[in-house]
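Subject: Structure handover and notes

Dear colleague,

Please find the structure below, together with the notes I promised you.

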Amino acid sequence: MATPDSARPGFWSVRGPMSQRSYWVFAAIGLLAPLIAWWALAASGLVSKVFMPGPGQVLSRALVWFNSDNLTGDALISIYRVTAGWALSAVLALPIGLMIGTFRPVQALLEPLTDFIRYMPAVAFIPLVMLWIGIDESSKIAIIFIGTFFQMILMVAEDVRRVPAAQVEAAQTMGANRRELMELVLLQSAKPALLDTMRITMGWAWTYLVVAELVAANSGLGYSILKAQRFLHTDKIFGGIIIIGLIGLITDQLFRLAHRKAFPWTYRKA
Amino acid sequence: MDVSEGVNTQVASRAPKVSIRGLSKIFGEGPGATVALQNIDLDIGEHNFVTLVGASGCGKSTLLRIVAGLEYHGAGEVIANDKPVTGPGADRAMVFQQYSLFPWLTVMENICFSRKLAANRGEFTSAEVEAASGRADTLLDLMGLRAAADAFPNQLSGGMQQRVAIARALMPRPQILLMDEPFGALDAQTREVMHDLIQYVFHLEKSTIVFVTHDVEEAIYLGQRVVVMAPRPGRIDSIYDVPLPAQRFQDMKLSPGFISLKREIVERIRETSGMKTDLELLEKLCGQLKT
């Protein structure tokens, strides 16, 4: 008589195991269920089409937008604004965060200040930005910059602080000087975490897009959503939101891919 | 006073590799300050293997870190390699318990890190680079890491990781090797293998080794001298010369001499650490339960 296999813990045991296949089944359910629910709700006629346009209606509106209303142009200008604002943040936040995470006096000097500013709503800066920078392209970039920069500094500083002390000390006992510690240990060790921070803050930059395009814009995804609101084109609002979501999702996946390519050592385990 | 005079007359020609005089270390400030080390005197001669044991909080790691220059100290002086210790330096290598390897570098690159530092500064002639490559190869073989040369630390077991850490520390030929519970996270079998390996390194490299551990057996098996430290305030309680031949074998751990020394040290640590009072408390409680 064969002895029965010991009971394999099920999906619902705490931190239980799950096969790759079951994982994808669940992921598909998670993604498709809301779509189907949305479609069913719209098709049932219980809710007015103005409040809740169906997926088909949104898709056809998006196609019209693409064919005759320059969706590509709107997407590109928005991608440009988000990327520029985010990149400007990164260029400044990376060295500042590295300094905060490395030197205590810099931390004392800048971290409480940054902590204070980051709670200020980026939206509220719009009038000031218009006053100081004007209403051209740079003002939109400035809003996205304000929204991401201060958070990014703190996250970069934290990434640098998380480098294990033993790594720094090991380098010190091998004779590394201050610059070598920063360049060859802290920065190298924090790199994977820093790229993750860049990925996450890119997502935040996108959430500030609509706000940024409140400032005298006449193109862009956020602007289109705002304009559609004026004409109660709910289907276009839905379309704009979903397109932003898709761009975000793709960017996120690209970052993850880059992470795997750039830091293979974080993925190899014994 | 007596101690320093004795040292001067006795070892005038061969100064100790590490000399600690009247060392104190206080953590924190004001009323919350604690005395981590109080009035430590210790001399460690060239090619000596000294182990530091004691209950947690006795300051053994702090003492080691002060010699490494990773921790500053208060009163007293610390001299290593005939120079006062003012900060970390390549003449005093340190092996940590774990997490000290650079995970983004391969095993070989980790071992060669100190060479890379020197090369970047232009401190190397091409002949020296060649010699260093030979040394890296030798260490790779010595530590049994040949097959893992191109692996990343994440891919290695804990024991293999510590082999890399030791090889990396030995690379710049440090005169003093400081080890802070280097085998504390390893399983018992791996630890035995590492003990014999580090013995081999000690004899081959003629290093001076200061080794911190909480494992008394490890301290006796490895050390020529065992320094027992006691907490509150951190201090040297007693120093034992280990009556074993230079060449150590695992069997020696079962010899009567070894066992009686181990018993003596374990009891000394118990007495000084306050654990004895805990035991008495436990006995009292048990007595109460019986009645």
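Predicted model: local features only at pLDDT ≥ 70, side-chain atom pairs only at ≥ 80, totals over all residues.

Residues are numbered from 1 along each chain as its sequence is written, chains are lettered from A and ligands numbered from 1 in the order in which they are written, and side-chain values use heavy atoms, with hydrogens and water left out.

I begin with the helices of chain A. Helices (H or I, at least four residues) and strands (E, at least two) are DSSP runs, numbered from the N terminus. Helix α6 (residues 137-161) of chain A and helix α8 (residues 178-207) of chain A have axes that come within 9 Å and cross at roughly 155°; here axes are lines fitted to C-alpha atoms, for helices over the stretch in contact, and angles run from 0 to 180 degrees between N-to-C directions. The helices α6(A) and α8(A) are therefore roughly antiparallel to each other, given that angles under 35 degrees count as roughly parallel, over 145 as roughly antiparallel, 65 to 115 as roughly perpendicular and the rest as oblique. The residues of α6(A) that meet α8(A) include I144(A), M152(A) and V160(A), and among their partners in α8(A) are L186(A), L194(A) and W204(A), where contact means heavy atoms within 4.5 Å. By class, this contact of α6(A) with α8(A) has 13 nonpolar, four polar and one charged residues, with Ala, Val, Leu, Ile, Met, Phe, Trp, Tyr, Cys and Pro counted as nonpolar, Asp, Glu, Lys and Arg as charged, and the others, Gly among them, as polar.

Helix α5 (residues 126-133) of chain A also packs against α6(A), at an angle of about 135° and with the axes 10 Å apart, and α5(A) and α6(A) are therefore oblique to each other. From α5(A), the residues I126(A), V129(A) and I133(A) meet S138(A), S139(A), A142(A), I143(A) and I146(A) in α6(A), and the residues of this contact divide into six nonpolar, two polar and no charged.

Turning to the two chains, how many residues does each give to the contact? Chain B gives 28 residues and chain A gives 22 residues. The area buried between chain B and chain A is about 2,200 Å², of which carbon and sulfur atoms give 64%; buried area is the accessible area (1.4 Å probe) that two parts lose on being put together, summed over both.

Between chain B and chain A the count is two salt bridges. E169(A) forms a salt bridge with R65(B), the closest N and O atoms being 2.6 Å apart. Within chain A, E213(A) forms a salt bridge with R81(A), with the closest N and O atoms 2.7 Å apart.

Finally, the backbone of chain B. A cis peptide bond, with omega about -15°, joins R232(B) and P233(B), and P233(B) lies in the loop between β9 (225-230) and β10 (235-241) of chain B. H47(B) has a positive phi of about 55° although it is not a glycine.

Key
Salt bridge = Lys/Arg side-chain N within 4 Å of Asp/Glu carboxyl O.
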